[in-house]
Amino acid sequence: MKPINEVRSVMTPLNRKNIDTDQIISKEFLKRIERTGFGKYLFYHWRFQADGTENKEFVLNDDRFKDSKILVAHDNFGCGSSREHAPWAILDYGFEVVIAPSFADIFHNNCFKNGILPIRLRVEEIEELLSKGQSAPHALEVNLEEQTVKGEEGKTYSFEIDPYYKQMLLNGWDEISLTFQYEKHIAAYEKQHA
Amino acid sequence: MAKTIIEKIWEQHIVYEEQGKPDLLYIDLHLLHEVTSPQAFEGLRLAGRKVRRPDLCFATMDHNVPTRNLPTINDPIAKKQITTLEKNCEEFGIELADMEHPDQGIVHIIGPELGLTQPGKTIVCGDSHTSTHGAFGAIAFGIGTSEVEHVLSTQTLWQSKPKTMEIRINGKLGFGVTAKDVILAIISKFGIDVGTGHIAEYTGEAIRSMTMEERMTICNMSIEAGAKAGLISPDETTIEYLRGRRHVPAGEAFEQAAEQWLSLATDEGAEYDTVLEINADEIEPFITWGTNPSMGSGISARVPSADDFENQSDKEALKKALAYMGLEEGTPLTSIEIQHVFIGSCTNARLSDLRAAAEVIAGQKVHPNVTAIVVPGSRTVKRQAEEEGLDSVFLEAGFEWRESGCSMCLAMNDDVVPAGERCASTSNRNFEGRQGAGSRTHLMSPAMAAAAAISGHFTDVREVRLAHV
């Protein structure tokens with residue numbers, strides 16, 4: 001997993017609540033047996049019309065956000081299915097940070113396993129960011145070490161993150177290797193419950 | 001100190017705990033299917049790791065499998081996913097109920113059928129509807145593929161202790177009101193993210209009088225309220241369901257296990273972080289009209305209007321949902337016509353669900369504008385239904401009688417609702433495109449879906465049933 005700390009880019013405003021993982025990656029793309037290559041299918045049915053042409057109204061098709069690494073959305077992002085293809089698609093497309101007032105639990109967990117930083121900010125802060133980002137391209141500077149998001153005018157938002165997952169992301173650790181260090185505890189548990 | 005069942009099971013499974021870290025939890029049962037496991041097995045191979053406890057894993061094929069013309073799979077990518085699971089199970093020594101196995105079925109239907117699902121267990125699967133198994137008094141939750149790999153390698157997961165929630169259903173259910181109506185009403189009343197960060201326990205008189213199959217329907221949709229898991233304290237109903245099943249202990253060992261299972265029930269006076277209450281008598285047969293499971297109403301209602309909502313973003317969400325669903329504000333729900341009926345899924349494809357639907361349609365014909373399919377939840381359900389003659393009831397009415405699988409719940413196989421068409425579905429999600437790009441899904445109980453199949457529009461099943469009496 002690639003370590004993540006500082007991310008600077010224009011934010012992509014996606015002003016919708018309850019964006020479910022079926023929208024993030026639709027089921028017809030879940031048949032692949034690889035972890036990679038899902039980016040081109042991200043938000044597929046919002047990005048493309050039924051005839052395969054681009055939906056010009058959708059924010060991801062706006063060239064001003066083409067190199068964005070930061071997605072900002074509304075409440076309960078990633079609800080629904082547990083499919084990890086959702087964070088795989090987000091990362092493969094080029095987003096490294098997702099900012100929202102709240103995330104669904106399984107999606108939130110899945111982000112940490114893939115080096116994506118999910119940031120929770122207060123609803124008012126998200127609405128402020130979305131409104132700025134929708135009126136003109138707005139650059140953000142995310143710093144995980146400091147737990148801050150800085151806007152263009154220098155306005156700084158701070159966020160909370162579980163210290164365990166913070167270390168995991170900062171160091172790009174492989175969680176399974178870490179867990180192997182607790183092998184004797186697992187073996188003892190199994191012995192006791194055999 | 002009085003404890004909830006959630007705390008009891010959690011504490012029994014802590015392998016390691018340390019301040020500032022999630023708990024390392026032991027996992028008792030790991031269920032696998034073809035869609036969310038291939039990358040996990042590949043990860044093991046790349047790192048040269050093995051499966052720590054293949055004996056605690058069980059696999060089947062459900063998401064992708066065709067429901068007719070078995071065993072031919074036309075889609076080469078889907079076929080590769082199926083053969084990949086076969087190879088992985090063989091290589092790592094995991095028991096597999098493959099496409100033609102008599103035990104095959106939707107993973108959340110066969111776990112309980114085989115007695116793999118038991119009270120007090122921690123159960124995971126790369127599927128969010130793993131919450132179904134909570135009906136037995138287990139902590140059961142969906143995980144991503146990285147966590148599937150973690151469980152395969154270590155039989156554990158790092159998990160932050162969730163908050164506890166009680167969802168109490170007061171009083172008795174009215175005539176014609178089912179478990180599906182109860183859970184849809186709960187989600188509609190409290191919202192699709194009310195359970196975030198929580199494990200929910202369902203309590204109250206209505207729950208206690210439910211069968212295990214009804215309890216599974218309730219727990220199945222916990223995730224649609226945002227709760228990672230939902231469960232119900234075990235009681236005699238739980239014990240009697242489990243007695244004699246293949247993977248539960250037999251004889252004296254069963255009685256001992258039963259005693260231990262019953263002791264897991266939430267203690268009198270235990271406190272929850274959050275308590276929600278709903279009165280059974282405020283619940284009527286329910287259907288969804290929007291694009292998430294909380295967008296639903298009792299069947300006697302109309303499609304809501306923007307004026308019904310105060311908040312601007314809720315008004316906009318309603319407009320977006322109705323535009324997608326092709327519905328006008330204020331339309332009576334019973335006037336909405338449908339083209340498809342799907343009776344199936346891990347929510348409602350057990351024997352009692354098929355019986356409830358068959359009872360409504362017996363001796364009648366599916367409306368000429370409607371294509372209706374029944375997809376039993378497992379091979380076992382299909383066999384049992386055929387022994388009772390339910391297949392004939394469905395076939396004579398004009399339903400198609402299919403092989404088991406997830407099918408049109410998520411439409412990964414060929415069972416797809418065409419764009420712009422409307423489906424009365426007993427499944428669990430009505431998200432945009434869920435049953436096919438542009439498809440319009442309305443969630444409801446098997447009896448309600450059956451009533452709609454006959455009339456061609458949404459229908460209050462209570463009226464149909466009263467007419468039968």
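Two residues are in contact here if their C-beta atoms, placed from the backbone, lie within 7 Å. Keep that in mind for the exercises below, which work through a predicted model.

**Exercise 1. A helix pair in chain B**

Find which residues of H12(B) meet H15(B), and describe how the two helices pack.

*Solution.* Start with the contacts. On the side of H12(B), the residues are B:Asp353, B:Ala356, B:Ala357, B:Val360 and B:Ile361. Their counterparts in H15(B) are B:Pro446, B:Ala447, B:Ala449, B:Ala450, B:Ala451, B:Ala453 and B:Ile454. Sorted by class, the residues of this contact are eleven nonpolar, no polar and one charged.

Next comes the geometry. Two packed helices are described by the angle between their axes and the distance between the axes. For H12 (351-361) and H15 (446-455) of chain B, the angle is about 30 degrees and the axes are 8 Å apart. Angles under 35 degrees count as roughly parallel, and H12(B) and H15(B) are therefore roughly parallel to each other. Finally, the crossing of H12(B) past H15(B) is right-handed.

**Exercise 2. An antiparallel pair**

Determine how S2(B) pairs with S8(B), and where the residues of S8(B) point.

*Solution.* S2 (23-26) and S8 of chain B pair in the antiparallel sense over four bridges. Within this pairing, B:Leu25 has B:Leu157 in S8(B) as its bridge partner. Along S8(B), residues 156-159, B:Thr156 and B:Trp158 point one way, while B:Leu157 and B:Gln159 point the other way. All of these are buried.

**Exercise 3. Where the chains meet**

How many residues of chain A are in contact with chain B, and which helix gives the largest share?

*Solution.* The contact involves 41 residues of chain A and 54 residues of chain B. On the chain A side, the largest share, four residues, comes from H4(A). By class, that side has twelve nonpolar, 14 polar and 15 charged residues.

Definitions and conventions:
Residues are numbered from 1 along each chain as its sequence is written. Chains are lettered from A and ligands numbered from 1 in the order in which they are written. This is a predicted model: local features need pLDDT of at least 70, side-chain atom pairs count only at pLDDT 80 or more; totals for chains, interfaces and linings use all residues. Ala, Val, Leu, Ile, Met, Phe, Trp, Tyr, Cys and Pro count as nonpolar, Asp, Glu, Lys and Arg as charged, and the others, Gly among them, as polar. Axes are lines fitted to C-alpha atoms, for helices over the stretch in contact, and angles run from 0 to 180 degrees between N-to-C directions. Angles under 35 degrees count as roughly parallel, over 145 as roughly antiparallel, 65 to 115 as roughly perpendicular and the rest as oblique. A crossing is left-handed if the near helix is turned anticlockwise from the far one by less than a right angle, and right-handed if clockwise. A residue is buried if 20 or more other C-beta atoms lie within 10 Å of its own, exposed if 12 or fewer, and partly exposed in between; C-beta atoms are placed from the backbone. Two strands pair if DSSP finds at least two bridges between them.
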